[in-house]
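I opened my notebook to look up charged pairs and a surface patch in this structure. Here are my entries, in the order I went.

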Amino acid sequence: MKSYYVKRFFSMLVTLWVIITITFFLMHFTPGSPFNDERTTNEAIQKNLEEQYHLDKPLIVQYGMYLKQIATFDFGISIKKSSQTVNEMIGRGFPVSFELGMVALIVAVISGITLGVVASLKHNGVIDYLAMTIAVIGISIPNFVLATMLIQQFAVHWKILPTATWSSWKHMILPTIALATSPTAIIARLTRTSMLEVLTQDYIKTAKAKGLSPFKIIVKHALRNALLPVVTLLGALAASILTGTFVIEKIFAIPGMGKYFVDSINNRDYPVIMGTTIFYSTILIIMLFLVDLAYGILDPRIKLQKKEG
């Protein structure tokens, strides 16, 4: 298993390098310049700024300098906010984004698994049809559309929840619902399908014949195996939720990394774009690795097969 994890670690580094390379060159190949605005119309000023941020050098030289820079975990200084470093922006915005993303992910996992299990136990019943109808609606509505609807109803029309900022638990409710709804629906459908398949297996029939309680059969025997496909999907869902926070944070005026990322794209702030992209890519790659670990915990046979290989 040690050699497997070593290979996985190096594959993670290669994946991150590919992401950095593609993002760097795509960003620089896009027409325009971060200094093409009313404040830097003077050519001399533009040249000085380009020299300061090394944009006057050949692209391959800039690429090499940037790789050397991020190797020391230094993402540089923001072009539009020269008094702030990208590291400072990440340190200030990420805790908020992480809190929102993790709360939404936990809500999605708990709600989705519960809904899927209940639907499978009431197969072809009213609860099953109702649960799956809710799941289809949840998948169909984009989170930014749902966010707008939530603001309109709960904040503007009924005035029972706040719309913006991030100062109390009440401010978490609407953005969490907007982020968690679609993943909840996906997890519910997958859990239901997997549970229906597991409940027909011989070992479940044997457990019932032994007189085990329905709760023990569901939790100890059926659910553990039914969760394997869900765990596989969690990496992609985590990516979807974390990247989804960019738009949701902008809609709800949440002071997370989404604000910096969206503004940096609009302003062509190269260091902030690169820094936030690399930071989030690293987190998502690590999450995918943790999914592999969780897979082995849920199914010990995977470990044995790796050792034998």
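This is a predicted model: local features need pLDDT of at least 70, side-chain atom pairs count only at pLDDT 80 or more; totals for chains, interfaces and linings use all residues.

I began with Asp263 and Lys250, whose side chains meet in a salt bridge with 2.9 Å from N to O. For a salt bridge I asked for a side-chain nitrogen of Lys or Arg within 4 Å of a carboxyl oxygen of Asp or Glu. Asp263 lies in helix H10 (residues 257–267) and Lys250 in helix H9 (residues 214–251), so this pair ties together parts that are 13 residues apart in sequence. My helices are DSSP runs (H or I, at least four residues), numbered from the N terminus.

Residues are numbered from 1 along each chain as its sequence is written, and side-chain values use heavy atoms, with hydrogens and water left out.

Next I asked which other residue forms a salt bridge with Asp263. I found Lys259, with the closest N and O atoms 3.6 Å apart. Asp263 and Lys259 are four residues apart in helix H10, which means about one helical turn separates them. Salt bridges that share partners join Lys250, Lys259 and Asp263 into one network.

Then I checked how covered these residues are. I call a residue buried under 20% relative accessible area, exposed over 50%, and partly exposed in between (1.4 Å probe, protein chains only). Asp263 is partly exposed at 21%, Lys259 is partly exposed at 33%, and Lys250 is partly exposed at 41%.

My count by this rule came to three salt bridges. One of them pairs Asp128 with Arg192, with 2.7 Å between the closest N and O atoms. It links distant parts of the chain, as Asp128 sits in helix H5 (residues 126–140) and Arg192 in helix H7 (residues 170–198), 64 residues apart. Are these two buried or exposed? Asp128 is buried at 1% relative accessible area, and Arg192 counts as buried at 16%.

Last, I turned to the surface. Val14, Trp17, Val18, Ile22 and Leu26 form a nonpolar patch there, with about 470 Å² of accessible area together. I took areas from the Shrake-Rupley method with a 1.4 Å probe, and for residues only the protein chains shown count as cover. Patch members need over 30% relative accessible area and no salt bridge, and nonpolar side chains (Val, Leu, Ile, Met, Phe, Trp, Tyr) are joined within 5 Å, like charges within 9 Å. Trp17 lies in helix H1 (residues 2–29) and counts as partly exposed at 44% relative accessibility.

Notes:
Helices (H or I, at least four residues) and strands (E, at least two) are DSSP runs, numbered from the N terminus.
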